Amino acid sequence: MSLRLGDKAPNFKAKTSEGEIDFYEYLGDSWGVLFSHPGDYTPVCTTELGKTAALKNEFEKRNVKVIALSVDSVESHHGWINDINETQGVEVNFPIIADEDRKISEAYDMIHPNASVNATVRSLFIIGPDKAVKLIITYPASTGRNFQEILRVIDSLQLTANYSVATPADWKEGEDVVIVPAIKTEDIPAKFPKGFTAVKPYLRLTPQPNK
C-alpha cells in the first residue's frame, strides 16, 4: 500500500553515514525531507546531494532536517560522500541512510518495479512536525530534482499550515496568496488586515500574511 498525503510517515531505525538513528527522534519538532536515490556513485545523485549540502542554510532557516536514502551500504556512502564533497565543492552535512534490506524503501513505496526491480526511484517526502506526509514528488531515476521547487513548496506548506490561505500557480515567497473559499468575504477584513482583491467571488487575493 503506497503512502498518501496526510498519512503518518512510517517511523524506522536505520544505519546511516552519521551513525544509527530513529527517524522520529532525528526529526524532533522539525519539518523533514526524506529523499531516495537509485544508488551511490551515480552522476545525477552526486549533483543532487551536492545541491542539498549547498542549501544547508536555506533548509535550516525553514526548520527543515534533510535525510537521504539509497540501498547501498554505509561504507559505500562514506566513499561516495568524499566524491560529492570533492566534485561539488561542498561538505555533505546530513545523514544518508543505508537501506540494504530495502525495508524503508518498501515502507515508503520507493521501488517501482516497472522502472527498476532493485533501484529506488527519486522519491521525495516532505513530512510535517506532526509526522504526517505533506507532499510527495516522484521523479524517474534519469531526472534530477529541482531544489528551488522543493524550497518553494516548503514555503507554501509552512505558510498554509498557519493561515487560511492557499498559494496560486508559480507562487513564490513574498507574493500574493489566495484566501481559501471557506472564509466568507465579509469576514476577510478581520482575518486579513492588509486588504484583499476580489477577482471573482471565489478568487480573492491578499498580500502574504506573514510578511
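This is a predicted model: local features need pLDDT of at least 70, side-chain atom pairs count only at pLDDT 80 or more; totals for chains, interfaces and linings use all residues.

Q: Start with the record. Which residue does the UniProt annotation "active site" cover?
A: According to UniProt, in an unreviewed entry, the "active site" annotation covers Cys45. Cys45 lies in helix H2.

Q: Is Cys45 buried or exposed?
A: Cys45 has a relative accessible area of 0%, so it is buried, the cut-off being under 20%.

Q: What does Cys45 touch, not counting residues up to four places away in sequence?
A: His37, Pro38, Gly39, Trp80 and Arg122.

Q: Ok, helices. At what angle do H2 and H4 pack?
A: About 70°, with the axes 9 Å apart. H2 spans residues 43-54 and H4 residues 74-88. Angles from 65 to 115 degrees count as roughly perpendicular, so that is how H2 and H4 stand to each other.

Q: Which residues meet there?
A: From H2, Cys45, Thr46, Thr47, Leu49 and Gly50; from H4, Trp80, Ile84, Thr87 and Gln88. The residues of this contact divide into four nonpolar, five polar and no charged.

Q: Which strands are joined to S6 by bridges?
A: Strand S3 (residues 31-36) is joined to S6 by four bridges, running antiparallel. Strand S7 (residues 133-139) is also antiparallel to S6, with six bridges. As for residue pairs, Leu34 is bridged to Phe125 in S6, and Leu124 to Ile137 in S7.

Q: What sits between S6 and S7?
A: Five residues, in a hairpin. Lys131 in that turn has a positive phi of about 70°.

Q: Different topic. What is the order of the four strands in the open sheet?
A: S8-S9-S11-S10, with antiparallel pairing.

Q: How many bridges pair S10 and S11?
A: Three, in the antiparallel sense, with S11 covering residues 203-206. Ala198 has Arg204 in S11 as its bridge partner.

Q: Last one: where does Ser156 lie?
A: In helix H6, residues 147-162. Ser156 is buried, at a relative accessible area of 12%. Leaving aside neighbours within four places in sequence, Ser156 is in contact with Thr167 and Trp171.

Terms used. Residues are numbered from 1 along each chain as its sequence is written. Side-chain values use heavy atoms; hydrogens and water are left out. Axes are lines fitted to C-alpha atoms, for helices over the stretch in contact, and angles run from 0 to 180 degrees between N-to-C directions. Helices (H or I, at least four residues) and strands (E, at least two) are DSSP runs, numbered from the N terminus. Angles under 35 degrees count as roughly parallel, over 145 as roughly antiparallel, 65 to 115 as roughly perpendicular and the rest as oblique. Contact means heavy atoms within 4.5 Å. Ala, Val, Leu, Ile, Met, Phe, Trp, Tyr, Cys and Pro count as nonpolar, Asp, Glu, Lys and Arg as charged, and the others, Gly among them, as polar. Two strands pair if DSSP finds at least two bridges between them. Buried means under 20% relative accessible area, exposed over 50%, partly exposed in between (1.4 Å probe, protein chains only). UniProt positions are given in the numbering used here, feature names are shortened, and annotations may be inferred rather than shown by experiment.
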